[in-house]
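Colleague: I am new to this model. Please take me through one part of it closely.

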Amino acid sequence: MNRGEENNTAFAIGEKIVCVDVSWQGQDKQGLWKHPVLNQIYTIELVMHDGAVSLKEVDNSHVDRELHKHGINLLAAFWPWHFRKLADLQREAFLKEETSVFEEQLKEVGV
């Protein structure tokens, strides 16, 4: 499975996401970027045509300006595999908790 397959659910502008991967290799050769922090919640600002996202809480407009100075018509954005939808993580945590409670109840009745 490649990174593109790990996160095949598209994000939407305004959606809350959580940073789950902080391996920013190759993206910041000059040390200019501000990066999301592991396990922190962010809001999608823009979704690029390739699925990359910019975040409201992470201001990399200075990187955008540097790119444009060099004739590169791109915006600073992060690949989607670095994030998971907050709602998905909350749902998974709820199901895990429910399973744990159910297993404890089974132990109590001797099953």
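Colleague: Is Asn 60 buried or exposed, and what is its relative accessible area?

Modeller: First, the ground rules. This is a predicted model: local features need pLDDT of at least 70, side-chain atom pairs count only at pLDDT 80 or more, and totals for chains, interfaces and linings use all residues. Residues are numbered from 1 along each chain as its sequence is written, and side-chain values use heavy atoms, with hydrogens and water left out.

Asn 60 is buried, at a relative accessible area of 6%. Buried means under 20%, exposed over 50%, partly exposed in between, using a 1.4 Å probe and protein chains only. Asn 60 sits in the loop between strand 3 (53-55) and helix 2 (61-69). Helices (H or I, at least four residues) and strands (E, at least two) are DSSP runs, numbered from the N terminus.

Now its surroundings. The side chain of Asn 60 reaches the backbone nitrogen of Lys 34 at 2.8 Å. Beyond its neighbours within four places in sequence, Asn 60 is in contact (heavy atoms within 4.5 Å) with Leu 32, Trp 33, Lys 34, Ala 76 and Phe 78.

Elsewhere, look at the strands. Strand 1 (residues 16-19) runs antiparallel to strand 2 (residues 41-47), joined by 3 bridges. Two strands pair if DSSP finds at least two bridges between them. Lys 16 has Thr 43 as its bridge partner in strand 2. Strand 1 also pairs with strand 4 (residues 83-85), antiparallel, over 3 bridges. There, Cys 19 is partnered by Phe 83.

Methods. Polar contact = N/O pair within 3.5 Å; in protein donor to acceptor, adjacent residues only side chain to side chain.
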